[in-house]
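Look over the sequence and the structure before reading on.

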Amino acid sequence: TLFKGVNMRIIRITLLSLLLLMIALPLYAGGRLTYYCSTDIPWCELMKKEFEKRTGIRVSMTRASSGETLTKIRAEKSNPKGDVWWGGTGDPHLQAAEEGLSQAYNSPKLSELHDWAKTPHQATGGKTVGIYLGALGFGYNRELLAKKGLPVPKCWNDLLHSAYKDEIMMAYPSTSGTAYTTLASMVQLFGEEGGFNYMKGLHKNISQYTKSGSAGIKASARGEITVGIVFVHGAVKQAVSGFPIEAVSPCEGTGYEIGSVSIIKGARNLENAKKFVDFALTADVQSRSAEVKSYQVPSNKNAVSAPEAPDVSSIKLIDYNHALYGSKVERTRLLKKWDAEVKVLPR
């Protein structure tokens, strides 16, 4: 009788477990996806939730800057944890492709993309593809500028003025795609010697280096710093949010990013990663970026840009060499040189 009672309890527990599993099954019906995101958190979250809603795939998300994410993927190379990497500047995605950290995928959405968005795909044999374009620049807090009696900056060279000492914030080029794009842009604008002289002059006026490229403009919006070096759409986002921020596209010309998406080599959920790439390249998904005040230029020709988004056609863009400055050798060389010649200088 005792054994019979135990057996009945085991049967009841087993049936209850099966019932709970059946109830939970729809949540896992689409499988799983581990997603690394390198753009602003609200946009990361929107992509996660909308993808889960459309596919039933459960998403685990990690948000970090482009440089940090590349370092993470590199460290996990022998045992990949992530499936797909979305957002952030394209140069680290190009380097990941070069190092064999990502894998090729030809999305059926490719035919809907602007030519500039296909360039990284062509350059890497299909290992990464553009999702948006953003021009580099800076933003300033006009209330702080007026209060401190500072001149209005319109050009890169304006930021070297001694009046801006301790008034500028940017990120470390080693951790931030924004800051690395700044370094590579100065080298292309002014030549290597002139570019590094520029970074040395700028260094004298830097109040603080941050990990994230968007941290500077956010601090400027809060009134903690006057100028933040950022992609222009990042400054526009703060202005649209009601902060006294003026966005500047520098007069000398400027570099730009092609934000990208890549499937991580060895992805455990490969088919779901492919579905995510297709999803990320879809016109109506890209059009939703305005909901989270992200104002980059979308890569799908049929996507709708927000009216507040910067008019890239009016910005003087340089012929940025993404292939060269996104390569491991050149990126590593420039970062080491910046550490050795700029980072060590007193401020």
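Predicted model: local features only at pLDDT ≥ 70, side-chain atom pairs only at ≥ 80, totals over all residues.

Residues are numbered from 1 along each chain as its sequence is written, and side-chain values use heavy atoms, with hydrogens and water left out.

## Overall build

The protein has 13 helices and eleven strands. These are DSSP runs numbered from the N terminus: helices are H or I with at least four residues, strands are E with at least two. The C-alpha atoms fill a box of roughly 90 × 45 × 40 Å along the principal axes. Of the 347 residues, 53% are buried. Buried means under 20% relative accessible area, exposed over 50%, and partly exposed in between, with a 1.4 Å probe and protein chains only. Contact means heavy atoms within 4.5 Å. Among contacts with a separation of 6 or more, 78% link residues 24 or more positions apart.

Strand 10 covers residues 256-264. Nine of its nine residues are buried, so the rest of the structure largely encloses this strand. Tyr256, Ile258, Ser260, Ser262 and Ile264 point one way, and Glu257, Gly259, Val261 and Ile263 point the other.

Which strands run antiparallel to strand 10? Strands 3, 4 and 5 do. Two strands pair if DSSP finds at least two bridges between them. The table lists bridge counts and one facing pair for each.

| Partner of strand 10 | Bridges | Facing pair |
|---|---|---|
| Strand 3 (84-86) | Three | Trp86 and Val261 |
| Strand 4 (102-103) | Two | Ser102 and Ile264 |
| Strand 5 (128-141) | Seven | Val129 and Val261 |

Glu257 sits in strand 10. Beyond its neighbours within four places in sequence, Glu257 contacts Gly88, Thr89, Tyr132, Leu133, Gly134, Phe231, His233, Gln296 and His322. Thr181 is 76 residues away along the chain, yet the two C-alpha atoms are separated by 7.3 Å.

## Strand 6 and its neighbours

Strand 6 spans residues 168-171. Ile168 and Met170 point one way, Met169 and Ala171 the other, and all are buried. Strand 6 runs parallel to strand 7 (residues 206-210), with four bridges between them. Ala171 stands opposite Thr210 there. The chain gets from strand 6 to strand 7 through helix 7 (residues 177-203), and this β-α-β crossover is right-handed. That term applies if, with the strands pointing away from the viewer, the path from the first strand over the helix to the second runs clockwise.

Strand 6 also pairs with strand 8 (residues 227-231), in the parallel sense, over two bridges. Met169 faces Gly228 there.

Helix 4 (residues 90-98) is mostly covered, with eight of its nine residues buried. Just after helix 4, Gly100 takes a positive phi of about 75°.

Glu76 lies in the loop between helix 3 (66-75) and strand 3. Glu76 is buried because its relative accessible area is 13%. Its side chain makes polar contacts with the side chains of Tyr36 at 2.8 Å and Lys72 at 2.9 Å. A polar contact is a pair of N or O atoms within 3.5 Å; within protein, one must be able to donate a hydrogen and the other to accept it, and residues adjacent in sequence count only if both atoms are side-chain atoms.

## Points join across faces, edges and corners, and a volume is the space filled by probe spheres set on them.

There are eight cavities of 30 Å³ or more. Helix 9 (232-240) gives the largest share of its lining, four residues.

The largest pocket holds about 150 Å³. Its largest lining share, four residues, comes from helix 3.

Terms used: 1 Å grid on protein atoms, 1.4 Å probe; cavity = no way out; pocket = protein on both sides within 12 Å on 5 of 7 lines; lining within 4 Å.
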